Amino acid sequence: MINARQHRALNLLWISQARSWIRHQIPLLGSIIAGKPDTADGRMDGCIDIDPTTLRLPKNARTFALKVRGDSMRNAAILEGDIVIMEFREAKHGDIVAALIDGETTLKRFVVHNGVTYLRASNPKYPDLIPARELVIQGVLIALLRLSKS
């Protein structure tokens, strides 16, 4: 049990931290399938408040969040129900990306091999996705949030 003096000290600490905390809102733009690609729903489901220093966000990061549906990225520790924080930027080989492939969206690993770009799941039951017409990277994963199921 803490005594009254310790309680006052904690309150002062919490108040000073609350004043120094910089609130940053990231738009939650619906969900993304981590499985077979799906048509994008494009709806906004609100915002997520985060501390940009905790996520080590660059000052001018253009970010958005998506809720994960499916299990194709489970071996990358991305599970159904997780929230992925994405940044609008150019993808590099090995990045996990939100991508539009032939008109459908998905969350996969971006692969460049012998000049060919394609998407790879982190679950062996899903095949590589090679674009027939287009592959547009919509964002690159910069953080993952997992809410407790208590």
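How many aromatic pairs does a search of the whole structure find? The search finds 1. This is a predicted model. Its protein chain holds 1 helix and 8 strands. The 8 strands form an open sheet. The largest nonpolar core has 12 residues.

**The chain as a whole**

- Along the sequence, the elements of the protein chain follow the pattern α-β-β-β-β-β-β-β-β.
- The protein chain has 150 residues, and 36% of them count as buried.
- Take the contacts between residues at least 6 apart in sequence: 62% of these join residues at least 24 apart.

**The sheet**

- The strands of the open sheet run in the order β2-β1-β3-β4-β8-β5-β6-β7, with mixed pairing.
- β2 and β7 are the edge strands, and each pairs on one side only.
- On average, neighbouring strands of this sheet are turned by 45 degrees against each other, direction ignored.
- Strand β5 covers residues 96–101 and pairs with β6 in the antiparallel sense, over 6 bridges.
- Within that pairing, L100 stands opposite T105 in β6.
- Strand β6 (residues 104–113) also pairs with strand β7 (residues 116–120), again antiparallel, over 5 bridges.
- Here H113 is the residue opposite V116 in β7.
- In general, side chains in a regular strand alternate between the two faces of the sheet.

**Turns and loops**

- β6 and β7 form a hairpin, with 2 residues between them.
- N114 sits in that turn and has a positive phi of about 50 degrees.
- D102 lies in the loop between β5 and β6. Its phi is also positive, near 50 degrees, and D102 is a residue other than glycine.
- A77 belongs to the loop between β3 and β4. A77 is not a glycine, yet it has a positive phi of about 65 degrees.
- Is A77 buried, exposed or partly exposed? A77 is partly exposed, because its relative accessible area of 44% falls between the 20% and 50% cut-offs.

**The aromatic pair**

- A pair of aromatic rings is described by the distance of the centres and the angle of the planes.
- The rings here are those of F64 and F88, with centres 4.8 Å apart.
- F64 counts as buried, at 5% relative accessibility. F88 counts as partly exposed, at 37%.

**Nonpolar cores**

- In soluble globular proteins, nonpolar side chains tend to be buried together.
- The largest nonpolar core includes F64, L66 and V68, along with I32, M73 and L107.
- Which elements give two or more residues to this core? They are β3, β4 and β5.
- β3 supplies the largest share, 3 residues.
- Another core lies apart from this one and has 9 residues, among them I26, L28, L57 and A143.
- M73, a member of the largest core, is in contact with A34, I78, I96 and L107, among others, leaving aside neighbours within four places in sequence.
- The contacts of M73 also include K108, R109 and R120.
- K108 in turn lies over the face of Y126, at 5.9 Å from the ring centre.

- T63 is in strand β3, which covers residues 63–69.
- T63 is buried, because its relative accessible area of 10% is under 20%.
- Residues up to four places away aside, T63 touches H24, I26, P27, L57, I85, M86, E87 and I142.
- G46 lies in the loop between β1 (24–33) and β2 (47–50).
- G46 is partly exposed, at a relative accessible area of 27%.
- Beyond its neighbours within four places in sequence, G46 is in contact with I26, P27 and L28.
- G46 and I26 are 20 residues apart in sequence, and their C-alpha atoms are 8.6 Å apart in space.

Notes: Residues are numbered from 1 along each chain as its sequence is written. This is a predicted model: local features need pLDDT of at least 70, side-chain atom pairs count only at pLDDT 80 or more; totals for chains, interfaces and linings use all residues. Side-chain values use heavy atoms; hydrogens and water are left out. Helices (H or I, at least four residues) and strands (E, at least two) are DSSP runs, numbered from the N terminus. Buried means under 20% relative accessible area, exposed over 50%, partly exposed in between (1.4 Å probe, protein chains only). Contact means heavy atoms within 4.5 Å. Two strands pair if DSSP finds at least two bridges between them. Axes are lines fitted to C-alpha atoms, for helices over the stretch in contact, and angles run from 0 to 180 degrees between N-to-C directions. Rings of Phe, Tyr and Trp (its six-membered ring) pair if their centres lie within 6.5 Å; planes under 30 degrees apart count as stacked, over 60 as edge-to-face and the rest as tilted. A charge sits over a ring if NZ of Lys or CZ of Arg is within 6 Å of the ring centre and within 35 degrees of the ring normal. A nonpolar core is a set of buried Ala, Val, Leu, Ile, Met, Phe, Trp, Tyr and Cys residues joined through side-chain atoms within 4.5 Å.
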